[in-house]
Amino acid sequence: MPDVTLVIDGQTVTVPAGTNIVDAARIAGVAIPVFCYHPKLKPVGMCRMCLVEVWTPKIDPATRQTVTGEDGRPVMTLMMGKLQPGCVTPVSEGMEVRTTTDRVRFAQKGQLEFLLTSHPLDCPVCDKGGECPLQNLTMQFGPSTSRFDYADKIHFEKPIPLGDLIYLDRERCILCSRCVRFQDDIAGDPVLGFDNRGRAWEIISKSDPPFDSKFSGNTTDICPVGALTTADFRFKARVWELRPTPSICPHCPVGCNISLDMRYDRLMRVMPRENDYVNEIWICDKGRFGMRFIESPERLRQPLIRKGDALTPATWDEAITLIAEKLIAIRTHAGAAAIGGLASPDLPNEDLYLFQKLFRQVLKSPNLDFQTGAPGEPEIVDLGATLGVGKGTNLSGLGAGTAVLVVGADPEEEAPLYVLRLRGIAARGGDLTVINPYPTKLDRTPARVIRPRAGAEAFVALALLKTLIEEELIAADFVTRRVQGFDELKARLRDHSVTSLCDAAGVAEDAVRAAARAFAKADNGIVIYGRVALASGADLIDALADLTLLTGHVGRPNNGVIPLIPGANARGALDMGVHPGAGKKRGLKTREMWAAAREGRLRGMIIAGMDPARDNPAAAEALDALEFLVVQDIFLTETAQRADVVLPTASIAGREGTLTNAERRVQRFRQARIPEFNTPAGWDVAQRIARALIAFGVEPAAPDGQGDGRSASRTSTKTGSATVLPDPWDYVVAGDVADEIAATVRGYADTTYESLGLTRKPQWGRQPNEAIFYDGTSYENTEGVGVQIAAEADNPKATFTLRARVPSSAAADDAHPFVLLAAPRAYDGRAWSRDSKLLPRMVAPHLVLNAEDAAALEIAPGSLVRIVSEAGSAVLPAQIDRNVPRGLALAPDVNGAPLSAVQTGPLTRVAIMAHIDETVGTR
Amino acid sequence: MIGAIFKGLGTTLRYLFRKPVTVEYPEVKRPVRERFRGRHQLKRFANGMERCIGCSLCAAACPADAILVVPAENDPAAPHSPGERYAARYEINMLRCIFCGYCEDACPTNAIVLEHQYELSFYDRRSSILTKEDLLVPPDKGHGEIPPILQQLNRRPSPPAQIDL
């Protein structure tokens with residue numbers, strides 16, 4: 001767009017055409033006060049706080065030329081003859097804006113006086129006090145007195161709950177509609193609205209349950225007054241008493257930047273930290289309200305050792321010595337392969353790295369995994385390290401010219417912030433295609449919705465590929481340079497037409513062809529796949545990989561594949577090598593470990609931060625069969641109750657570390673408080689075990705093929721000779737581990753704490769006049785935006801082989817007509833939800849059925865249904881949803897769901913019937 | 001020279017019969033000036049409610065960082081103070097306090113007042129921290145009515161505005 005030059009308070013600035021006056025003034029360093037305007041929201045001009053004098057050159061109507069005065073300068077006229085709201089007035093050439101004239105000052109004073117006529121002025125008890133734009137602007141621009149008597153003020157009942165998380169104080173509300181617009185435009189949950197008129201105008205919630213949105217907490221951040229406050233932070237502390245600590249949300253693969261606002265080592269609230277690459281300025285409610293677990297009284301405080309049937313408190317020395325003795329005993333009589341290790345994909349990189357180092361180099365066992373081994377758990381097919389998303393990707397800037405395919409994912413439940421990011425891309429003109437077997441919230445955005453049968457998603461991806469080949473939408477140049485096996489792929493697809501593939505998936509051909517065209521023609525193409533895609537299997541993932549390769553959407557910024565693998569740091573677990581295929585010798589997968597444990601081949605295990613025994617009796621049985629089990633966790637989980645030694649660790653607030661998000665951005669979180677109950681970080685636990693083992697005479701091995709073959713920086717290797725000194729295991733702080741990760745793990749070379757701390761521009765951060773825009777709630781990011789790691793595809797010489805093949809259609813099974821699919825849920829009621837205000841929103845286990853299916857089976861909403869598969873059966877209450885496709889039984893994957901009794905794999909064929917309670921004999 | 005000695009003794013003799021300016025301190029206490037700044041008190045309203053609303057402005061104003069306020073939400077059925085908020089904990093470290101009176105100035109409800117008590121000595125540092133129980137005046141020693149701005153919790157909401165259609 002052409003640039004426009006204008007004068008603001010005597011300063012000449014050049015800004016892009018279409019910029020509004022408030023933004024232009026901000027660029028010029030002039031502060032225009034605003035309430036309703038927010039740079040992330042569309043301007044509406046509701047609060048009239050930004051009134052300014054706008055002078056434009058006078059145009060002669062006859063000649064359409066600028067009228068020039070006697071002094072040779074253009075004659076200026078006041079636009080419309082009165083003050084103009086700056087946020088909705090676009091700049092124009094030659095404009096002159098005056099923001100400090102008497103007329104403007106008078107208007108600002110009057111406006112604030114009006115706003116304060118209905119304001120209770122209870123700043124001393126208001127939670128916004130201290131970061132309140134109304135307070136600050138009143139001090140700066142407002143009248144010092146009011147002509148209104150206090151008794152004349154409008155009074156409402158003090159706060160009313162606007163849902164169970166957010167309270168509304170209607171007296172304080174200035175009706176700027178920021179919250180309503182956020183919910184409508186950004187979150188896509190239009191649950192707020194206005195009610196009444198005039199002085200009785202108020203915000204109401206239109207949904208049932210009230211304020212039903214996963215992003216409701218953000219409204220309290222953008223509220224320019226104290227009208228919206230969170231139930232979590234009501235009257236907890238004054239904002240100036242808080243000590244914000246940069247942290248990363250540990251709940252999902254997005255890796256939102258948050259700050260833990262602490263007061264005297266107590267967590268007061270969680271706030272978003274600005275990072276345009278990750279979460280802009282938003283966080284979801286799970287991150288905001290789901291951090292109370294760190295202060296739960298149920299936290300483990302000291303090591304526990306099993307004596308008889310009971311776990312009894314012990315000292316660290318006793319516990320570590322016992323672990324070392326037992327592990328050495330198992331190694332001696334059953335071999336190193338009889339020891340297995342599981343580490344949670346929520347743990348930071350430092351913990352995962354030392355955990356695998358303990359196994360690979362000290363215990364010399366390759367049996368490592370980060371999955372729980374539940375029967376319904378999908379295999380992880382990872383494209384993040386090979387194709388990945390190009391280095392420098394920033395979804396917040398994408399719009400027209402971008403096509404996004406969301407395949408088999410429910411971002412709202414798996415990685416909530418992606419909903420906002422994808423909605424933003426769609427709103428800016430991007431093309432969004434959602435391919436999922438059941439409806440998700442993304443369907444409500446302007447998106448092309450393709451609904452294949454569950455398990456048949458691969459056929460949609462193949463139909464997309466076939467369309468590309470048929471319509472010659474291939475990026476030929478890219479394919480010749482970097483892709484192999486194109487002819488073979490064409491041969492494999494020769495016998496199939498787009499129509500037959502679409503029929504196999506049960507989808508409309510038009511939509512698939514349109515999606516393929518949009519994706520191929522877009523400048524930027526991104527594929528996001530999630531849990532349902534993983535459940536669908538490797539055929540789908542291979543086809544998706546080929547889709548990005550054939551269209552050339554690989555190896556460039558804003559192009560590629562984003563896998564949403566369950567766990568906050570599953571990406572890190574894969575990169576650090578906490579999976580059986582990472583080392584030279586292949587180890588056992590979790591599911592194989594359970595089998596081995598039952599058969600007595602696996603004798604000892606260390607499980608870090610994971611609870612595989614939860615909702616999975618088979619795993620519990622396998623754990624009981626073990627000779628020796630060590631569990632390190634922050635709670636006494638079901639797995640920990642079966643352990644021989646339980647080691648407490650610090651939560652994310654009590655230590656520092658790094659997490660790698662779905663886009664392979666490594667981000668650092670800081671220690672927010674002294675470790676709770678003096679518990680060590682997970683990496684330190686691994687180090688203590690390793691040191692004890694070495695002290696008892698275990699010879700550590702040299703680093704094996706982990707990483708790119710460079711020797712570890714801390715292991716001194718004499719060049720030319722094979723003399724390797726034993727690894728000292730003398731890490732003092734997490735940064736020592738991070739340095740070793742940077743030195744040894746492929747791609748992590750740039751992830752030292754120094755480089756992670758850099759705040760890269762453009763960032764909003766603290767800018768000269770930020771106080772006007774982001775006054776109040778500070779999103780300041782002092783800890784940097786992290787470092788994105790390059791995938792293999794970012795190397796311009798890397799080539800890839802096309803691997804898509806047409807799977808055989810699954811044979812119909814008349815005895816089991818339904819497909820049972822575990823649907824991920826953000827509010828799953830697991831360990832993180834302890835003491836959280838979100839507890840009432842946790843879903844109880846249930847089964848969602850199509851309305852017609854339910855009618856045919858005579859199942860009423862809420863009644864119990866029996867699910868029978870080849871593996872077993874389970875009973876769940878039914879919910880009826882007419883939007884769920886026929887033949888699909890959706891079971892939310894939440895705490896207590898008895899799915900492992902039924903599932904034979906991620907997709908299970910089941911029969912469903914109304915449950916008859918035999919004990920009572922009635923239905 | 002002799003004369004000078006008698007002159008001096010005469011002065012001594014004269015003062016011997018005057019009322020002494022010293023007071024016998026622990027038994028006799030001198031009254032302090034009205035604006036003397038001594039040990040703090042947390043005041044109450046006449047109806048016995050605490051004046052302190054837990055706003056922490058005293059703590060913010062305190063140059064010696066001597067005050068700790070931990071606020072909490074009032075139970076509407078049994079409120080500690082008028083309005084929504086009260087101080088669940090209120091502590092002043094008298095070893096840190098410099099008796100500047102800024103807390104008094106900052107207080108929006110005149111809850112914290114530096115009173116005339118000046119005998120502040122402790123056997124250990126811990127007892128130098130005065131808690132809310134130490135600082136609060138007895139319930140029957142309140143004064144003043146609750147100002148309208150603080151009565152909002154019990155106030156009848158305004159009727160909806162009349163709309164002329």
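In strand S28 of chain A, Val630(A) is the bridge partner of Ile606(A). Helices (H or I, at least four residues) and strands (E, at least two) are DSSP runs, numbered from the N terminus. The model is predicted, so local features need pLDDT of at least 70 and side-chain atom pairs count only at pLDDT 80 or more, while totals for chains, interfaces and linings use all residues. Residues are numbered from 1 along each chain as its sequence is written, and chains are lettered from A and ligands numbered from 1 in the order in which they are written.

**Strand S28 of chain A and its partners**

- S27(A), residues 604–608, pairs with S28(A) in the parallel sense over 5 bridges; two strands pair if DSSP finds at least two bridges between them.
- From S27(A) the chain passes through helix H20(A), residues 617–625, to S28(A) in a right-handed β-α-β crossover. Right-handed means that, with the strands pointing away from the viewer, the path from the first strand over the helix to the second runs clockwise.
- S28(A) also pairs in the parallel sense with S29(A), residues 645–648, over 4 bridges.
- In S29(A), Val645(A) stands opposite Val630(A).

**Confidence in chain A**

- Chain A has a mean pLDDT of 89, with 94% of its residues at 70 or more; pLDDT is the predictor's confidence in each residue, from 0 to 100.
- Residues 705–722 of chain A have pLDDT below 50, and this stretch has 29 contacts in the model beyond near neighbours in sequence (a contact is two residues whose C-beta atoms, placed from the backbone, lie within 7 Å).
- Residues 762–772 of chain A also stay under 50, with 20 contacts beyond four places in sequence.

**Chain B**

- Chain B contains 4 helices and 5 strands, in the order α-β-α-β-β-α-β-β-α along the sequence.
- Its radius of gyration is 25 Å, well over the 15 Å given by the globule rule for 165 residues, so chain B is more spread out than a compact globule. The radius is taken over C-alpha atoms, and the rule is 2.2 Å times the number of residues to the power 0.38.
- The C-alpha trace of chain B spans about 105 × 40 × 30 Å along its principal axes.
- Of the 165 residues in chain B, 24% are buried.

Definitions and conventions
A residue is buried if 20 or more other C-beta atoms lie within 10 Å of its own, exposed if 12 or fewer, and partly exposed in between; C-beta atoms are placed from the backbone.
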